[in-house]
Every structure is written in structure tokens, then in C-alpha cells.
Amino acid sequence: MMSVNWKKTLTVVLDIMLAGYIVLAFTAFNKPDMQARVCKKVNIHIQDETTNGFITATDIKSRLDKKHLYPLSQPMQKVKGRKIEDMLKKSPFVKTVECYKTQDGEVNIVITQRMPVIRIKAHNGDDYYLDDNNRIMPNSHYSSDLIIATGNIDKIYAQNYISILSNIFMSSDLWRNQIEQINVLPNEGIELVPRVGNHIVYIGQLPEISDSKERQKVVSDYINKKMTRLEKFYKYGLSQVGWNKYAYINLEFDNQIICKKRANEKQEQTR
């Protein structure tokens with residue numbers, strides 16, 4: 001029968017208990033008192049504030065104050081980052097929010113804003129922005145030099161068609177700087193008002209497609225085709241005769257460009 005060395009066993013048990021006590025004591029003496037520690041600073045970072053300018057750190061503080069969520073001087077344990085994120089995401093101008101706490105008692109709130117690509121000022125009185133995800137944003141004090149779309153535009157047409165136009169123009173250095181206004185006529189024909197040159201460009205009616213994926217491709221192809229022709233006409237036509245010779249440039253038809261001169265001058269056709 002095997003004998004048990006009780007003295008050795010007791011020593012091992014005592015060693016284990018002592019090690020556990022040391023770990024607990026170390027943790028207790030070094031762990032901050034979360035109940036007593038309070039938030040001493042709130043850092044609000046709006047990553048694209050100078051570019052978009054829809055919201056400011058002051059706006060964010062005001063929103064949090066109204067909901068009694070501003071964490072300054074609050075116990076860190078009671079600061080609920082997820083609740084702060086969920087509340088701020090309800091803003092129509094906020095794209096993403098991240099809220100996190102640091103060990104030294106600070107709370108950081110990092111925000112990115114939604115990116116507007118065009119302003120809609122329709123004849124029916126609607127005044128709003130479309131962002132880069134084709135979502136509607138309310139009118140604001142935003143003052144960036146965006147392309148403006150006017151005329152016969154409802155919100156469905158804006159999201160399905162004007163958004164495609166605006167995204168194509170904004171992705172091109174040439175058209176982003178040249179096109180100032182998009183105007184939709186009562187028959188949904190599209191006029192473009194340039195920044196350089198005292199004329200209006202007509203590109204016709206955009207193809208009507210019910211399927212969203214097919215619409216994106218077909219309408220994009222239509223627009224790119226018209227704008228390629230316009231670029232060539234600018235380069236090889238207007239650069240020779242002058243940017244203010246024509247009052248109206250019609251690109252509706254594929255085989256010709258119809259140019260109307262100013263008053264008392266005949267219209268011209270070019271292929």
C-alpha cells in the first residue's frame with residue numbers, strides 16, 4: 001500500500017494558496033477603482049470636418065448633452081460607448097461613429113460624415129442633397145461648391161438617374177470643374193450648364209430602365225458616350241471658333257451635333 005507524504009502535500013497546497021493570494025492582492029492593489037474614476041476629458045474627432053462641414057464638435061456635444069450622454073465628469077464605468085454611437089448614428093449627416101475609453105480616463109468619439117455629391121433644388125420646392133450612396137440628406141448650412149440639379153425632379157428620379165449623372169461628373173476632373181448645373185426639362189430631357197462658355201448643352205433623355213443594375217450600366221454608358229463627344233467638340237470645335245459662339249449645343253442625336261448660334265445667326269450642324 002502506497003503511503004501519502006502528508007507533509008509534502010500540505011506544503012504544495014500552501015504554496016498554491018500563497019500564489020493565489022499574491023495574484024489577488026496584486027490585482028486588488030493595482031486595478032483602478034472604476035466606481036471612483038471619472039471621465040476627465042472628451043475628445044471629439046470629426047475626420048472630414050474641413051471637407052464636409054455638416055457637423056462640428058460643438059454640435060456633437062450639444063446632442064449628447066440633450067440626451068444626458070455627454071461623459072465628462074461621469075464615472076467611467078457608467079459611460080456607455082455603444083449607446084453614444086447608436087444615438088449619434090441617428091443624425092442624417094453621420095456616416096460612422098466609434099466611441100472608446102482609455103485607461104487614463106478619456107473618452108474618444110471618432111466620426112465620419114456622409115459625403116454629398118450634388119444638391120437638388122427642384123421646381124416642386126424640394127431642396128436636399130444626395131450623398132455618394134444615393135441617399136437623401138436634408139438641406140443644411142453646407143456651402144461647398146457642388147453641382148446643382150434643378151427642374152422637373154422628384155426624389156425617385158433624383159436617386160435613380162440624377163445620382164448616376166452626378167457620380168460620373170464628380171469622378172472626372174474635367175466635368176467636376178466644368179459642369180455647374182444640371183437642369184431637367186418637363187419631358188425629362190437633360191440640360192447641362194457649364195462654368196466656362198456662355199452656352200447650354202443638351203444631352204437628351206436618359207434611358208428609362210426598371211432594373212437597378214441594368215439601369216446603372218445603360219445610363220452610365222449613355223452619359224459617357226455623350227460626354228466623350230462633348231469633350232471632343234470642346235477640344236476640336238470650340239477651341240477653334242470660340243467658347244461663346246454658340247448659345248445651345250444639342251448632343252441628343254448620335255450622328256450629329258446641332259449648334260445654335262446667338263441671336264440673328266443661323267444654327268449649324270456638325271458630324
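User: Why does F253 count as partly exposed?

Analyst: The relative accessibility of F253 is 37%, and since buried means under 20% relative accessible area and exposed over 50%, with partly exposed in between (1.4 Å probe, protein chains only), F253 is placed in the partly exposed class. This is a predicted model, in which local features need pLDDT of at least 70 and side-chain atom pairs count only at pLDDT 80 or more, while totals for chains, interfaces and linings use all residues. Residues are numbered from 1 along each chain as its sequence is written, and side-chain values use heavy atoms, with hydrogens and water left out.

User: Where is F253 found, and which residues does F253 touch?

Analyst: F253 is found in the loop between strand 11 (246-250) and strand 12 (257-261), where strands (E, at least two residues) and helices (H or I, at least four) are DSSP runs numbered from the N terminus. Leaving aside residues up to four places away in sequence, F253 touches K226, R229 and I258, contact meaning heavy atoms within 4.5 Å. The C-alpha atoms of F253 and K226 are 9.4 Å apart in space, although 27 residues separate the two in sequence.

User: What makes S73 count as exposed, and what is its phi?

Analyst: S73 has a relative accessibility of 51%, and therefore counts as exposed. This residue, which lies in the loop between helix 2 (57-66) and helix 3 (81-88), has phi near 70 degrees, a positive value in a residue other than glycine.

User: Why is N134 called partly exposed?

Analyst: Its relative accessibility is 23%, so N134 counts as partly exposed. N134 is found in the loop between strand 5 (127-131) and strand 6 (136-138), and its phi is also positive, at about 65 degrees, although N134 is not a glycine.

User: Why are helix 2 and helix 3 called roughly perpendicular?

Analyst: The two helices pack at an angle of about 115 degrees, with their axes 11 Å apart; axes are lines fitted to C-alpha atoms, for helices over the stretch in contact, and angles run from 0 to 180 degrees between N-to-C directions. Angles under 35 degrees count as roughly parallel, over 145 as roughly antiparallel, 65 to 115 as roughly perpendicular and the rest as oblique, so helix 2 and helix 3 are roughly perpendicular to each other. I60, R63 and L64 of helix 2 make the contact with I84, M87 and L88 of helix 3.

User: What makes helix 4 oblique to helix 6?

Analyst: The axes of helix 4 (residues 155-170) and helix 6 (residues 212-241) cross at roughly 50 degrees and come within 10 Å, and that angle makes helix 4 oblique to helix 6. N160, Y161, I164, L165, I168 and F169 in helix 4 meet R215, Q216, V219, S220, I223, N224 and M227 in helix 6. The residues of this contact divide into eight nonpolar, four polar and one charged.

User: How many helices and strands are there in the protein, and what share of its residues count as buried?

Analyst: The protein has six helices and 13 strands, and 40% of its 271 residues count as buried.

Terms used:
Ala, Val, Leu, Ile, Met, Phe, Trp, Tyr, Cys and Pro count as nonpolar, Asp, Glu, Lys and Arg as charged, and the others, Gly among them, as polar.
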